Structures are given as C-alpha cells and as structure tokens.
Amino acid sequence: MAFLQINGMDVPSPSELKVRLFDAGASEERSASGNLVVDRAAVKRELTLRWAALTGQQLQSLLAAVCEAVFFDATYPDPVTGHPRTMTCRCGERTLGMHRFADGAALWTNVEMKWTER
C-alpha cells in the first residue's frame with residue numbers, strides 16, 4: 001500500500017503530514033463543586049498535508065480527487081493506532097504556489113491541504 005491513498009488510489013506522498021486530534025461536538029462546564037465536566041461526541045482527526053514540489057499533472061490528479069465530491073475516503077498512517085487508517089473527510093483548504101513555468105509546464109511548490117474527518 002502507498003503512504004497515502006484517496007478513494008483507494010495512490011497519490012503522491014506528502015513531504016510533511018501533521019495529524020491533529022480534536023474533540024467534536026464537545027462542550028465543557030464547571031460543576032457546582034468546581035470539577036470540569038465534558039460532553040464529547042467523538043474524537044476526530046484533521047490532516048495537514050504539504051508537498052514540497054508537484055508537477056502540473058500530479059497536482060491536477062490530486063485536486064480532482066479532493067474536489068470532485070465534498071467527501072472522500074483517505075487512507076494514511078495513523079499515529080494513534082500505528083496502522084493505516086481510512087477516514088471519510090473533506091478538503092476545506094488548498095494552498096498552491098507555483099515555483100516556475102518552463103517549457104509549457106508548471107512546477108508547483110508548497111502545496112498544502114487540510115483534510116477534516118467527517
């Protein structure tokens with residue numbers, strides 16, 4: 001299996017992957033005794049992925065995979081389980097920087113995306 005897959009298809013491995021764990025649907029209050037009471041619906045993940053350099057073709061394929069539908073399945077190495085994990089997520093942010101345009105082709109750098117679990 002590749003390092004990273006979208007809907008079961010291999011995509012270029014990112015140069016950097018950050019996994020953020022957060023409580024979804026959580027609310028917290030202090031009880032009368034001063035103790036913290038938390039109502040947590042689930043623990044979700046957000047991936048921040050960065051590619052140092054992608055060809056125009058690689059970028060087009062990657063964007064098509066994350067923009068075609070609102071939600072997609074992403075398989076990545078999960079630090080919590082130590083195994084590949086598939087999550088349904090959406091790509092809310094995409095930042096694309098072009099390094100150069102030569103011979104009719106673009107080289108894209110510092111491509112960054114945030115994928116948030118459904």
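In what order do the seven strands of the open sheet stand? In this predicted model, in which local features need pLDDT of at least 70, side-chain atom pairs count only at pLDDT 80 or more and totals for chains, interfaces and linings use all residues, the order is 2-1-7-8-9-6-3, and the pairing is antiparallel. Residues are numbered from 1 along each chain as its sequence is written, and side-chain values use heavy atoms, with hydrogens and water left out.

Strands (E, at least two residues) and helices (H or I, at least four) are DSSP runs numbered from the N terminus, and two strands pair if DSSP finds at least two bridges between them. Strand 2 and strand 3 (16-24) stand at the edges with a single partner strand each, so one side of each is left without a neighbour in the sheet.

In soluble globular proteins, nonpolar side chains tend to be buried together.

The largest pocket holds about 230 Å³ of space, a volume being the space filled by probe spheres set on grid points that are joined across faces, edges and corners. A pocket is an open set of points on a 1 Å grid over the protein atoms alone, where a 1.4 Å probe fits, with protein on both sides within 12 Å along at least five of seven lines, and its lining residues have an atom within 4 Å of a point. Of the 14 lining residues, Ile-6, Met-9, Ser-61, Ala-64 and Ala-65 are the closest to the centre. Strand 2 (9-10) and helix 1 (56-67) each supply at least two lining residues, and the largest share, four residues, comes from helix 1.

The structure holds zero disulfides, a disulfide being a pair of cysteine sulfur atoms within 2.5 Å. For Cys-67, the nearest cysteine sulfur, that of Cys-91, is 6.0 Å away, whereas for Cys-89 the nearest, also that of Cys-91, is 8.1 Å away. With buried meaning under 20% relative accessible area, exposed over 50% and partly exposed in between (1.4 Å probe, protein chains only), Cys-67 counts as partly exposed at 41% and Cys-89 as buried at 0%.
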